[in-house]
Amino acid sequence: MAVLGSDSRRWSGLLLIFVFLCSFITPVVTVKHENFKKCDQSGFCKRNRAYADAALSTSSWQAPYSLDPASIKFDNGMLTGSVVKTIVNTAETVRLPLTIAFYESGTARVTLDEERRQKGDIVLRHDSKAKKQRYNEAEKWAIVGGTTLSQGAATSKGAEKGTTNISYGPAGTFEAVIRHSPFGIDFKRNGETQIQFNNRGLLNVEHWRPKVEKPVEEKKEGEEAVVGESAKDTEEDEGTWWDESFGGSTDSKPKGPEAVALDISFPNYQHVFGVAEHAGPLSLKETRGGDGKYSEPYRLYNSDVFEYEMDSPMTLYGAIPFMQAQKKDSTVGVFWLNAAETWIDITKSSSSTNPLSLGIGSKITTNTHWISESGLLDVFIFLGPKPQDVVGAYTELTGYTQLPQQFAIAYHQCRWNYVTDEDVRDVDRKFDKNRIPYDVIWLDIEYTEGKKYFTWDPDTFANPLGMEKQLDEHERKLVAIIDPHIKNEGNYPVVDELKSKDLAVHNKDGNIYEGWCWPGSSHWVDCFNPAAHTWWKSLFRYDKFKGTAKNTWIWNDMNEPSVFNGPETTMPKDNLHHGGWEHRDVHNINGMTFQNATYHAILARDKEEDKANVRPFVLTRSFYSGSQRLGAMWTGDNQAAWPHLEASIPMLLSMGISGFPFAGADVGGFFGNPSKELLTRWYQAGAFYPFFRGHAHIDTRRREPYLAGEPYTQIITQALRLRYSLLPAWYTAFHEAHTNGAPILRPNYYVHPGDEKGFAIDDQFYVGSTGLLAKPVTTEGADGVDIYLADKEKYFDYFDYWMYEGPTTVSLAASLDTIPLLMQGGHIIPRRDRPRRSSGLMRYDPFTLVVVIGNSGDAEGTLYLDDGESFDYEEGAFIHRRFEYKSATSTLMSEDLAAASASPSRKTKDYLKAMEKVRVEKVIVVGAPESWKSKKEVEVSEELAGKSSGTKSAELEWHGKEEGKAAWAVVRDPGIQIGAGWKISFA
Amino acid sequence: MSSTMKSTVALLCLQCAAAVRAANGEGSRPRGVSPEFAKFYKDTTAFTCISNPLIKLPVNRINDDYCDCPDGSDEPGTSACAHLSPLSPHTPADVGPNGANSTLALPGFYCKNRGHVPTYVPFTNVNDGICDYDLCCDGSEEWEHVGGVKCEDKCQQIGKEWKKVDEVRQKSLGNAGRKRKELVAEAKRKRKEVEDRLQTLGTEIEGSELKVKQLENELAEVERREKGKVVKAGEQKVGKLGMLVGLARQRTEELRETLEKTRGERDSSRNRLAELESLLTAFKDEYNPNFNDEGVKRAVRAWEDYAARDKGLAPDAAHDRDLDAMIKSDKDNGLDWEEYKEGETSDDGVSYAFLNYLPSPVGSFLDQKLRDLRVTMIESGILADTSSSSSESKAVTDARNRLEAARKDLESSRKSNDEHKEDLNKDFGPDDVFRSLKGQCVSTDSGEYTYELCFMERTTQKPKKGGGHTNMGNYETMEIITVDDDVPADGKGLGSGQRIAMKYGGGQGCWNGPNRATTVVLGCAENNEVWKIMEEEKCIYRMEVGTPAVCEGVYGGGQAQSGRDEL
């Protein structure tokens, strides 16, 4: 020891300093990286990245795929043919059947299969019982419409030699230029290339091959196996072809390597968005390393990621393999229909037409590389040109978001866990006592007896029906959790039936799969199985799930599925689902099938038992393209930390443009205790989440809004009441999403696709078509925010009518009690201002219309209204109005949109009758013209029962401009029905 | 809005309402106006907003379901002004010219509730389609029948039921009041007991102090005397073997004691180890491998390694039997020290025997002088002090022991005195009332546990299925907290206002959580009982407890003062 001398002292000194410094770094809980794979730990990702590296490192790369010209047939909007893959350095070829479909909607679809697998002409290893085909049922779950083949699509004349050209789309302005060899496709709009397939030659379909046992060469310890250059050229690296191990479990891979990969380029597009769900910026980053870029590809492999990290391409709970590319005035997109583990590399390259231009006029092209472990190569192509065209076409295929019940878009109070039924009642009473509105209270897993779903803990929830009755007194709801893992325990009828009916997921040997989750040893219901689906439906009947009532709804958690002792916290990939599909093939769809079963179970419960035609409410954590049809999602287990509040906004924006706008993040943060400031700011942000739920981990302190203390409770209550007063606007936005897939939270690029400066903005958003522009405060101690105004338009502060004029960036003061919220000129916003205990109790309240006059002097807005709970709206029981203020005539009119969308039925009449007393009590005009200064009244005429009533007058109150604040006017009680046609003349 | 309303609502009582009703002609008031505010609505030509006298409105604007007054006073019977509250977001066009600081002038919609007690209903609840019978038994707040709702007048029935319950409650409260008096009397008695005891202790202490002094003198005297002795008992007279036996005996005794103690410690450690191992086994089985942190995983792995290693020595019955035998007294083992003990001779007899041959006065004089001389010589260092050797004379030891005992007595008396004094100064709540409850326990069943409160001592959670009890906190302090709760029909609730809360803290620690703690909030009731037990958050409990001890005074149960103040 003595020899260490002074050196050691110096080192220990440094060590001390280091330890000292470390103690200053707040210990941050972060994701357990070792639990999740990186690309090079996922064999197929590693192989395809290497393939890309090899291809891109040489200019002479020839992709070994060509379309056999003789095989091409085009008929009725559908091209078929055969792509031939030449196996490297051999004469062997593999035939890949190709179809390219052109739909009426202007969407095209390219599908590549593999002939041998298709025919079942392969041998599986390990005596596997898995199905031999590539998974071809993703569309069965994801696609619900928009696949009518185009009659107008036609082969174009004058195609270059070696290509086949098909023109399609609106007025034939789209064109697919199919290159035969190497096989590739350019998609053009108006003659300009928008999307390119296999332009970089990374197309790769891993064909089936038998495993050839080779003599294993002895490797000397510490030495890498040296492969001769020549061997490298002729042989692929087989290292990851067969059985693969990770984290102590081995995937038997009975079908060997079977990945599909393709490069998709977006020439001259600077930004790509989508491929939700990731915790990162809306505008996707490059993934091949470099300053501020990721070095891992974006990954889609639905996982229960514990304490997920910010700004990461890491996979999360759900997957929507839909990507949009954006350049000035043009949006295009692709949808990669594949349910297996998928990785997406993104790089951008800049090209300049003139080398002397010094970057000016240089164009950025975004290149993407899609890699899936198995299944078909199946891609949909959307050519825009507007953001809504792309989102609309995608949602036409995968379905529009469910039109939720009104309560579902009001405030939800959740906690893991309200511990007794009396606890629930107490929270319910305290909300009322504190005059805080809420609609739904939630129960996490602890309500069950020993984590057995469909049971209640007899000690703590002895009287669930009594609890539900109390909630129902104020039209409130209960949401109870039901997860897909079924406790493997004796005397539990649910697991007995699951086993005896053989409805669970099987392991690779065909036996019922057993894993660990909340209840300990569990089995997983296989909702891919129609019989399981039927059985699941039976479980929710009131006589089966005793203790539930009509106001009980369901929360599906852990449906990735989360398996505590499984690889990457999920199921082994070689597990088998109904029909012999391997889990690897269907993994990303699994969560959706579970929510789907629950949705239909609730639908059946209400239809069969109540004869009630009500819309189910099911929240899911895991999702896939199409889940939007079934209910809401939330962003999973976030943390009570400012970065998580901040990240929630781009994450929800991303969900919105991905066709699944009914999304929210846990308000307050799931893990940890938020400071009161953070909690308050989170409620202010949460008031703008389409799905608005406060939630907390079991180890955290209680944080119901009434516990925050003043001034916090009051400020939080204001935020909640703001949400409630704007419910008519939110509901209208949901209806729009339900009709055309439009996002509810709209990022700048979506609203202003011509404004390049705003493409990457993801911390502010517009609410539906209301013109409301919000930028929630997401940083600690902030007393203001800067809001970017993209257009030449007037914007007014929602709370004091301060006037701004775009395009510019404006600073808004935002003390703790203020939400930065602007109204864009030109809109009419419907509100209901009377505070009530729940949204159900606002049903017959009068409306306030806020007319926001902008630069044109005109304004317009819509209102959609129905009973907020049943499917009667499908039979015409709704009110849909368009309000328009025209400066030319100085009139505000209400015009019927319902008649245009549905023919009136008896239900229409009944609904209108029920709503006939509901009136517009107030019209507020922000930015009111100076010319009204001396006006004291306006003329009102109403059209009732098709007849015009006489003209009456209503009082007008006008207030002039004050130091930066706009002039405004109020029409006092015009006495008009919300569901009728009317006209108010300000002339 | 809310605070004004609450306080006004709380003040409302049967008598004043009835008095005002008699004074004002009924029926002339607009809907929702209480007699208290009737005067503002008398003018038949115009209405003046109550807090904004500059704003005058035509009377047909009263209750026309449009909010005109910035204080909402033109809409006493509708929900049109319900948004005038600091709890609502505001824009210039909602609050009128006076800005967002508007407060509602009225406490709420006035329900006459004929046959029962009149109340105010929050404006937010007017015409929302829900019959708020708990507040408005006549259903008058749903006068517009939105969505077809009809709230029939249930005041007769509700009033009757309420009266019945109220009678019981009043009776019970009467009893509670009496019981409290008893408790206070009991507390007084207990206090008296303490005071008496203090007095006794005072006397005892004085006596003990005297005794100690006396014994100190005695010891000094004995010591002095002993020092004078030429020859010491013990080693002088006992032969080497005897000494050895004495030492051996002492040593054996020591070893036996130590062995016994060590064995006790071993057993208790063994038990603790077993308990710990079973805890860890359960921990390993029950922990969530996905949802716990690396620390937990490491702990589990370490435990697995530990459990896999060999177990060390299992408890060996034979070994224990050996130990048992060893611990038995030597006599039981066939060794009688007494047999080896040699006869002891009094040194007095030997050393000074010659004195016996002298006449007794001379003898005693000489003796005295000799001793004094010796002591002087010893004290001046001329003569070696043989008495300071390890073995003290029995006389000195006895004297010392007597002194020690007396000192101990004194010490314990003083301690007891301090304790009693402290007890006397301790906060036992108003009227010292909790003095009589201290140590009394009440319990209730909730879920799989029985929860017990021992007043001013501790709270405990006991599994019904058996197993260890969990300490949920030891008594720390008494506080005043504000509660705002409903009181159920049976009166078993805290009501609104300030209440005494007892804090129990530092209970058993929680995995991933704090030490358990309980806040016990007290409300007035006839009997001591736990009304409610809630785990407000992980390992933080709240008990609502009824006791007659708080049935009077500022912090009493609200229901003691007025019947329906919760409304």
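The model is predicted. An unreviewed UniProt entry annotates residues 848-892 of chain A as "domain: DUF5110".

The cysteines give another way into the structure. A disulfide is a covalent bond between the sulfur atoms of two cysteines. Over all chains, a search of the whole structure finds nine disulfides. One of them joins Cys67(B) to Cys81(B), with an S to S distance of 2.1 Å. Both cysteines lie in the loop between strand S2 (56-58) and helix H3 (92-95) of chain B, so the bond ties together parts 14 residues apart in sequence. Cys67(B) is buried at 16% relative accessible area, and Cys81(B) is buried at 2%.

A further disulfide is formed by Cys137(B) and Cys155(B), whose sulfur atoms are 2.0 Å apart. Cys137(B) sits in the loop between strand S4 (119-121) and helix H4 (155-227) of chain B, while Cys155(B) belongs to helix H4, so parts 18 residues apart in sequence are tied together. Cys155(B) is buried, with a relative accessible area of 0%.

Cys524(B) and Cys551(B) also form a disulfide. Here the link runs from strand S10 (residues 517-524) of chain B to the loop between strand S12 (540-547) and helix H12 (558-561), and the two cysteines are 27 residues apart.

In chain A, Cys414(A) is in no disulfide, and the nearest cysteine sulfur, that of Cys517(A), is 17 Å away. Cys414(A) is buried, at 2% relative accessibility.

How values were computed: Residues are numbered from 1 along each chain as its sequence is written. Chains are lettered from A and ligands numbered from 1 in the order in which they are written. This is a predicted model: local features need pLDDT of at least 70, side-chain atom pairs count only at pLDDT 80 or more; totals for chains, interfaces and linings use all residues. Side-chain values use heavy atoms; hydrogens and water are left out. UniProt positions are given in the numbering used here, feature names are shortened, and annotations may be inferred rather than shown by experiment. A disulfide is a pair of cysteine sulfur atoms within 2.5 Å. Helices (H or I, at least four residues) and strands (E, at least two) are DSSP runs, numbered from the N terminus. Buried means under 20% relative accessible area, exposed over 50%, partly exposed in between (1.4 Å probe, protein chains only).
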